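The sequence and the structure are shown first.

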Amino acid sequence: DSINAEYGQHFGCKENSRGYKVLNGVGVIQGDGINLSSLREILDAVLQAGYSAENVAFGMGAGLLQKLNRDTMSFATKLSYIEDLSGNGRDVMKKPKSDVSKCSLPGILKVLPDPVTSLPVVHPMTPAEHRQRLLRAQIKANPTLQIALDPSIRDDDDDNLLKIVYNKRPVPRNAESFDELRQRVKTTWGRMPKIYDNLSPELKQKIISWTPQ
């Protein structure tokens, strides 16, 4: 309201290439009570009044700096598989009846690039595949180890984007630099459609048929 009623009339404005009004030589700063929700509300009001978002600046207070948690990006980490000391394992899945959006993924997982699009797809992994993967990691860390591997189990470690970084202790690996990570994420996200289903048919079927154990 202050932009429209006061600054717009007093300082005047010009129209930008998108048809929104831009104040001449001044702007508005809002510092108190800023969080992700109030920021969107303010910008929506500014645009609805016909003014450009460039007229407004926001203070970086506690609402943006400290009030960030796993709900900010709808992120959560869930247990998906458990194995006792005797080697007996079972899948674990969160599947609440009241909110299907909170379902987690069951079992041991691997993330492989789609052979056509190269976009990441989540697949189930069998316990036998996982055990052999751990053995291969031990061999890579210590090539002198004499461990027999099952040749019938496919080795897709190089393609698997879900890397083992800790198994009772840090796992030796050639970690990419932060700049390489940022470039990889930028490239991958640039190819992602706005709506993307990253679950394989096998994993979807496992979720549908899953029952508590």
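The model is predicted.

Arg136 lies in helix α4, which spans residues 127-141. Buried means under 20% relative accessible area; Arg136 has 8% relative accessibility and therefore counts as buried.

Leaving aside residues up to four places away in sequence, Arg136 touches Leu149, Arg154, Asp155 and Asp157.

## The largest pocket

The volume of the largest pocket is about 2100 Å³. Its lining consists of 48 residues, and Phe75, Ala76, Leu105, Leu109 and Val122 lie nearest the centre of this pocket. By class, 26 of the lining residues are nonpolar, 12 are polar and 10 are charged.

At least two lining residues come from each of β7 (108-113), β8 (120-125), α4 and α5 (178-191). Helix α5 gives the most to this lining, with six residues.

## The second largest pocket

For the second largest pocket, the volume is about 500 Å³. A set of 16 residues lines this pocket, with Asp157, Lys163, Ile164, Arg173 and Asn174 nearest its centre. Asp157 is also one of the residues that Arg136 touches.

The lining of the second largest pocket comprises eight charged, six nonpolar and two polar residues. Here α4 gives the most, with three residues.

Terms used:
Residues are numbered from 1 along each chain as its sequence is written. This is a predicted model: local features need pLDDT of at least 70, side-chain atom pairs count only at pLDDT 80 or more; totals for chains, interfaces and linings use all residues. Side-chain values use heavy atoms; hydrogens and water are left out. Helices (H or I, at least four residues) and strands (E, at least two) are DSSP runs, numbered from the N terminus. Buried means under 20% relative accessible area, exposed over 50%, partly exposed in between (1.4 Å probe, protein chains only). Contact means heavy atoms within 4.5 Å. On a 1 Å grid over the protein atoms alone, a cavity is a set of points where a 1.4 Å probe fits but cannot get out, and a pocket is an open set with protein on both sides within 12 Å along at least five of seven lines; lining residues have an atom within 4 Å of a point. Grid points are joined across faces, edges and corners, and a volume is the space filled by probe spheres set on the points. Ala, Val, Leu, Ile, Met, Phe, Trp, Tyr, Cys and Pro count as nonpolar, Asp, Glu, Lys and Arg as charged, and the others, Gly among them, as polar.
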